[in-house]
Amino acid sequence: MLRNKRILLVISGGIAAYKSLELIRLLRERGASVRCVMTEAACEFVTPLSVSALSEDKAYCDLFSLTDESEMGHIRLSREADLLVVAPATANILAKMAGGTCDDLASTVLLATDKDVLAAPAMNVRMWTHPATTANVSRLRNHGVRFAGPTEGPMACGEFGEGRMAEPDQIVAEIERYFGRSGLLAGRQAIVTSGPTHEAIDPVRYIANRSSGKQGHAIAAAISQCGADTLLVTGPSLEPDPAGVKVVHIESAREMHDACVAHLPVDVAVCAAAVADWRPAHDQPQKIKKTSGNPLSQLELTENPDILAAIAGAGEKRPKLVIGFAAETEDIVAHATEKLARKGCDWMLANDVSCGTDTFGGDFNEIHLVSKNGVENWPAMSKSGVADQLASRICNALSPGQDAAE
Ligand code: PMT
């Protein structure tokens, strides 16, 4: 499964470094070659000798080693790999990666790489849940870094909680999933919509909603990582453009509609945007004046075009797979089932957006996938987890011999 894959394993300094030895063994057993970079702290937990013996290669530790640099410069180290794996990834190395610090060989290699990075965090539960780590992880996800774990359980420090490094076999499974999937959508075209739309009331005011774009952007990144030529059409969002994805920035529902329709035909469309259902009926070229004692009592609205329904009803240009999201606050599955039929799409991913769920703007989501085959309930997970799971489902659905909508 991993035959001829070149893994550059960055081992940073945590007690979980002992598990990296098993990780090297498992990867090599599956046919991968493993080259290791160790931080100074990692060498306190496991020796370069053990790492070198198991990888049957040199263990690279020093940025300023004349021999290492002349044999294999740090730029080559970072480029001559198919995937970089950081295991264990301590809070310190995650902070360096998020901030672009490079003060040793490991962090320099991670900054210099043009390859994907998979990190397996390992740290005390308080360090993992600290807002600084949360912010670093979120930033790294936005840079396209993938994560395996951490898991929950008793820790070496005596505490219990989330922060344990994923087991070596789980990390290997994640690596296999990465290689198994990459390229599965090669040659395919995708459109993803994301974020809110802004509907102008006048030149300075607008109607909007709380969508952040996190879910849609994560989906565009995940589909693109599977090899699809992906267009992300997004409303105003603070999320950075995902790497490798073409992005069209729009403001209004009509602009989103026009950008999507102009890009058809594609193989798959995922409408994750929270499109405003209505917009002010009349264009207001001037700012509406506040007249004291006479508040604006009426704003005439008109319906926006339904982008999902337009894509699903595009006749010969209809994608093989059309996927919508249903943002619901009650009777979630029933409403999603009705929307699936009304909008003519193949799958509807229903999510609870009632007060307190934090789905709009938050980092997590809980999905009920509604299709003609029934309902599948996914556990609550990160939005990038939802994106990965959806991307895998799309890969299966579009694989040769499959009926896409099944
Ligand atoms: O952006 P985040 O903060 O990460 O939050 C993610 C999310 C909650 C916005 C996302 O998961 C989600 O639920 N998106 C759909 C929100 C929505 O508008 O739902 P809806 O039930 O009103 O619309 C149903 C479907 O029709 C959606 O796929 C929507 O994109 C589409 N639609 C709706 C109206 C319209 N005029 N055109 C559309 O294409």
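Let's start at Pro305, which sits in the loop between β16 (301–303) and α13 (307–312). Keep in mind as you look around that this is a predicted model. Leaving aside residues up to four places away in sequence, Pro305 touches Arg254, His257 and Arg279. If you want a sense of scale, pick out Asn136 as well: Pro305 and Asn136 are 169 residues apart in sequence, and their C-alpha atoms are 38 Å apart in space.

Now over to the sheet. Here 6 strands line up in the order β3-β2-β1-β4-β5-β6, forming an open sheet with parallel pairing. The edges are taken by β3 (59–60) and β6 (146–147); each has a single partner strand, so one side of each is left without a neighbour in the sheet.

Further in, you can follow the pairing strand by strand. Strand β2 (residues 33–38) runs parallel to β1, and 6 bridges join the two. One spot to look for is Arg6, which stands opposite Ser33 in β2. On to the next pair: β1 (residues 6–11) is joined to β4 by 4 bridges, again in parallel. There, Val10 has Val86 of β4 as its bridge partner. Then β4 pairs with β5 (residues 117–121), also in the parallel sense and over 4 bridges. In that pairing, Ala89 finds its bridge partner in Pro121 of β5.

Last stop, a pair of helices. Helix α1 (residues 17–29) packs against helix α10 (residues 168–181) at an angle of about 45 degrees, and their axes are 9 Å apart. On the α1 side, the contact is made by Lys19, Glu22, Leu23, Leu26 and Leu27, while α10 brings in Pro168, Asp169, Ile171, Val172 and Ile175. Sorted by class, the contact of α1 with α10 has 7 nonpolar and 3 charged residues, with no polar ones.

Terms used
Residues numbered from 1 in each chain as written. Predicted model: local features only at pLDDT ≥ 70, side-chain atom pairs only at ≥ 80, totals over all residues. Heavy atoms only, no water. Axes fitted to C-alpha atoms, helices over the stretch in contact; angles between N-to-C directions. Contact = heavy atoms within 4.5 Å. Nonpolar A, V, L, I, M, F, W, Y, C, P; charged D, E, K, R; others polar. Pairing = 2+ DSSP bridges.
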